[in-house]
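User: I want to learn how to read aromatic pairs and surface patches in a model. Can you take me through them step by step?

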Amino acid sequence: MSVLPDIATVPVREHPRTGTWSSPTLRYVVGRVLSAFGTLVFVVLFNFFLFRVMPGDPISLYTRGRAMDQDQLRALRSQLNAPLGQQLLEYLTNPFAGGVDSIRFNEPVWEVISPRVPATLLLVGTATVIATLVGVWLGIRSGWNRGGRFDKVSTSTTLVLYSMPEFWFGMIILIVFSVQLGWFPVGGLSTPGTDLGTPAGWLDVAWHLVLPVTTLAVIYFAEYSLIMRASILEERSQEYVQTARAKGLMDSVVRRRHAVPNALLPTMTLVFLNLGFVIGGAITIEYVFSIDGLGSLTVVALQGPDVPLLQALFLLFSAAVIVANLVADLLYGWFDPRVRT
Amino acid sequence: MRTTRLLALAAAAALTVGLGATGTAVASGSPSPAPAAAEPVVFTVGMLGDIDSANPFTGIAAESYEIFQLEYPTLTEYASSDFSIVPGLAESWEESADKTTWTYKIRSGVTWSDGTPLTAKDVEYTFNRVLNGEYEQTNYGSYVENIAKVEATDDTTVVFTVSKPSPIMEKLYVYILPQHIWKDIDEKAVTSYKNEGTPKEPTVGGGAFVMVERKVGQYIRMQANDNYYGGRPAVDEIVYRIYKNEDALGQALKAGEIDFAEGLNANVAKSLEGVEGITTVSAVYSGFDEIAFNVGAALDDGTAIGDGNPLLEDVKLRQALQWAVDRQALVDKVLGGGGSAGSTVIPPIYADLHLEPANAFGYDPEKAKALLDDAGYAEGPDGVRVDSEGNELRFRLFSRSDSPTSQKSSEFVKSYFEAVGVAIDLKVVSEDALIEIVGQGNFDMFEWGWVVEPDPNYQLSTFTCANRSYKDGEDIYANLSDSFYCDEEYDSLFEKQSVETDSAARAEIVKQMQQKLYDDSPYLVTFYYDNYEAYRSDRFTGFVPQPDPDGALLFQYGTWSYESIKPVVKAEQGETGAPAASESGVNWPVIIGIGALVVVAGLVGALLARGRNKDIDSDDRE
């Protein structure tokens with residue numbers, strides 16, 4: 001009764017602090033969400049028209065060499081040739097189906113896409129987690145003791161790995177570990193006939209994933225490590241770090257409690273940006289290691305092209321990037337109060 | 001610092017060893033490919049594409065047909081030796097003297113894989129389903145075109161009534177389906193019916209194998225059918241594994257992950273030659289590539305369309321161009337020797353039908369020039385020939401961005417044509433763009449090809465007047481004809497062969513038609529290309545080529561190899577049968593070489609980095 005009303009009536013400008021939600025925060029969140037939504041709407045429409053202006057006659061191509069009469073062809077074309085307004089309406093009601101089946105698979109596009117999502121998520125997700133952990137750790141180590149032996153070895157190794165062409169690197173890994181040493185399978189996600197519901201099945205999948213995940217992680221971690229190193233270097237020379245040192249704090253405490261949290265921000269942005277592309281798969285890696293994910297599906301859809309499938313995939317990929325961006329923005333706001341105001 | 005680095009190294013080492021250990025542990029736990037006494041014989045095929053559907057009314061991919069013919073019988077089959085017609089599910093057949101009915105005698109005592117009797121009723125059901133179903137006709141419409149009625153008069157007799165005589169009646173490649181299963185899948189459900197077997201519920205079929213599992217995009221497993229009328233195969237299980245690129249396919253064969261690699265390219269096949277335990281096959285194939293000429297684009301009603309150069313309507317010009325191309329050089333340089341020089345549109349693989357023209361166009365640029373001079377195309381000031389009105393012989397040649405072969409061979413053809421004074425503008429487009437360009441008649445020449453079926457009807461129909469582009473509403477669509485060839489005599493020969501049920505008499509007509517096309521030259525057939533296959537000859541033996549002796553071992557018209565292959569006998573197994581990759585096959589020099597390369601790259605990187613760090617450090621210390 002006594003204290004609360006007083007505070008409520010006094011217009012105190014809240015000082016934004018890490019981890020609290022205040023009204024500027026709310027404005028920030030709403031702003032971000034709205035802008036993401038706007039982008040999404042734009043992409044949905046752009047996607048629709050993009051595929052309508054592409055030249056070519058995929059139906060004739062798919063039916064080349066088959067005995068089909070004109071009525072059958074007309075039926076196949078009817079879904080692609082419907083009036084634009086009607087197509088747009090169907091598309092907006094359900095962008096992943098729009099009443100149009102994949103030309104190549106003869107199934108609703110979502111039924112073609114959905115079984116391939118887990119493979120891609122498993123591959124790129126695992127690789128991203130490993131790459132982030134290893135990359136960040138390496139970056140901190142080498143940045144904090146710049147010029148040290150660890151830094152020299154790690155930076156040069158990282159640079160070599162970073163500049164390696166994916167296909168070539170993957171193929172080398174495959175030839176050495178699968179063919180010459182025979183430790184890992186050449187391709188696929190599981191041994192034919194393995195029941196994936198059992199622990200042995202899971203182990204089998206893990207065994208199949210070792211090479212592709214390692215290849216992908218090696219390519220990703222280099223990037224994270226370089227960025228992390230650069231931002232640690234920048235933070236190290238900041239005055240607050242000197243202050244912390246002057247206070248007599250231990251070197252490791254200064255690093256862990258003061259420098260790293262600030263230096264993590266750019267890397268975090270990068271990780272989340274990349275997360276958006278996770279769903280797009282690592283086309284090259286899926287191709288080298290014969291993994292049937294969204295990346296290799298995109299390659300298949302491009303041959304033809306299978307317009308309805310390609311359209312749905314493009315939409316899915318752009319939506320994933322937009323959502324990941326939004327999450328990154330929101331988290332950034334949470335971690336870095338300066339952004340919110 | 002030193003401790004950290006050691007720790008890091010130790011961690012990395014532990015990780016590697018750990019992963020390796022997991023790998024080997026699982027490897028030894030998983031079904032080993034070397035067949036032990038009681039273990040099933042598994043034949044693993046690696047291929048580049050997945051099936052598009054396991055439903056025989058839906059699937060159109062070559063991989064799908066390979067599965068269908070394993071699962072379901074057909075009335076007759078194509079012999080492995082020479083594609084002649086041999087008994088399948090039917091043991092005999094006969095056309096009535098008045099040519100109005102065909103009577104098929106079905107084998108008696110045959111059962112489906114689930115034990116249900118397989119009778120003439122199933123045949124009747126299948127054909128009626130195709131006859132009466134709109135969706136069912138998409139794949140099999142051409143077989144039932146002339147069938148008016150199908151009736152099973154008893155358990156082993158089926159009578160087809162035909163509206164007109166047709167040679168296709170003895171090669172009805174329609175997969176016979178079990179009525180007791182498919183009757184429950186109505187005309188609506190069939191469009192989305194998957195027909196994928198599971199280990200508990202395999203598909204019900206009457207062929208040599210039935211499907212027990214499919215993992216989309218990964219693999220398909222087929223199990224031997226104990227009730228197969230041709231006798232149970234020696235192989236217990238076939239596994240099809242899907243690889244995304246030819247290199248991986250070749251590596252999988254080397255590693256022993258697969259026993260057979262289908263659809264290799266020339267480079268990978270060459271790299272496998274001479275590898276111990278592997279046999280490579282450059283199989284003659286039913287495909288050809290051609291340079292097609294726009295001989296006067298028009299709709300099926302004769303209305304001219306497109307912007308093709310009218311000079312190509314001159315048959316003398318086209319014949320002169322035929323003399324300008326060294327086809328054998330194309331085979332050697334574009335195909336790496338894997339093929340033969342092209343002549344007519346029915347490939348020599350079909351020995352009974354193929355015509356080797358007596359008046360063959362050889363490679364003779366001088367003759368080509370002389371013919372062009374005679375036809376009135378004199379050389380112009382800049383070396384490009386012109387007609388009497390001064391129009392340049394300058395043509396657009398489209399090649400396909402989807403095919404490196406197409407682009408290479410177009411480059412060669414361009415230089416051959418230019419050598420005789422005909423200018424070529426090369427354009428590279430995607431196949432789906434090209435089919436539209438061709439359908440509208442907006443081209444002069446293009447490079448493409450066909451894969452020809454054992455029955456020549458479809459291929460020959462691509463040159464009929466009726467199959468030129470057509471108009472649907474306001475839009476013009478491509479039909480089968482892509483040269484717009486239209487000739488009355490050819491069309492009447494086409495009609496004649498389509499009702500000739502005597503195969504020798506029909507072959508004569510088909511040869512006349514090839515001669516006509518060869519002389520009129522709407523196509524310049526560049527080459528017949530080979531299909532590369534490779535297999536583990538240390539594990540399986542007994543493959544049957546189609547045709548004999550240098551044809552394909554798998555992906556045939558028929559399932560000949562699957563039914564006759566056997567695992568290599570145990571005595572030899574003891575010596576060479578160990579999983580090829582692990583102990584014996586390790587190529588240490590290669591590994592050491594690669595290791596050395598990585599170390600060198602690392603050292604160079606380290607040196608560079610050190611130099612750079614020094615610079616930075618000195619700047620920093622000021």
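Analyst: This is a predicted model. Begin with burial. Buried means under 20% relative accessible area. B:Tyr518 has 6% relative accessibility, so B:Tyr518 counts as buried.

User: Which residue forms an aromatic pair with B:Tyr518, and what is the geometry?

Analyst: The structure holds 42 aromatic pairs over all chains. In one of them, B:Tyr518 pairs with B:Phe361. Their centres are 4.7 Å apart, with 35 degrees between the planes, and the pair is tilted. B:Tyr518 sits in helix α15 of chain B, while B:Phe361 is in the loop between β14 and α10 of that chain. The two are 157 residues apart, so the pair links distant parts of the chain.

User: Is B:Phe361 buried or exposed?

Analyst: Buried, because its relative accessibility is 11%.

User: What does an edge-to-face pair look like here?

Analyst: For that label the planes must be over 60 degrees apart. B:Phe463 and B:Tyr523 make such a pair, at 70 degrees between the planes and 4.9 Å centre to centre. B:Phe463 is in the loop between α13 and β20 of chain B, and B:Tyr523 is in strand β22, so the pair ties together parts 60 residues apart in sequence. B:Phe463 is buried at 1% relative accessibility. B:Tyr523 is buried as well, with a relative accessible area of 4%.

User: Which residues do ring pairs link into a cluster?

Analyst: The cluster includes B:Phe57, B:Tyr65, B:Phe68 and B:Tyr78. B:Trp182 and B:Tyr557 are also among its members.

User: Now the surface. Which residues make the nonpolar patch?

Analyst: Patch residues need over 30% relative accessible area. A:Phe37, A:Val41, A:Leu45, A:Phe49, A:Leu84 and A:Leu92 make a nonpolar surface patch of about 530 Å². The elements giving two or more residues to the patch are α2 and α5 of chain A. Helix α2 of chain A gives the most, with four residues.

User: Where is A:Phe37, and is A:Phe37 buried or exposed?

Analyst: A:Phe37 is in helix α2 of chain A. A:Phe37 counts as exposed, because its relative accessibility is 53%.

User: Which residues form the negative surface patch?

Analyst: B:Asp82, B:Asp352, B:Asp548 and B:Asp550 form the negative patch. Take B:Asp82 as the example. B:Asp82 lies in the loop between β2 and β3 of chain B. With a relative accessible area of 36%, B:Asp82 is partly exposed.

Notes:
Residues numbered from 1 in each chain as written. Chains lettered and ligands numbered in written order. Predicted model: local features only at pLDDT ≥ 70, side-chain atom pairs only at ≥ 80, totals over all residues. Heavy atoms only, no water. Patch = residues over 30% accessible without salt bridge, like charges linked within 9 Å, V, L, I, M, F, W, Y side chains within 5 Å. Areas by Shrake-Rupley, 256 points an atom, 1.4 Å probe, with all protein chains shown as cover. Salt bridge = Lys/Arg side-chain N within 4 Å of Asp/Glu carboxyl O. Lys, Arg positive; Asp, Glu negative; His and termini not counted. Charge placed at Lys NZ, Arg CZ, Asp CG, Glu CD. Buried < 20%, exposed > 50% of the residue type's maximum accessible area, 1.4 Å probe, protein only. Phe/Tyr/Trp six-rings, centres within 6.5 Å; stacked < 30°, edge-to-face > 60°.
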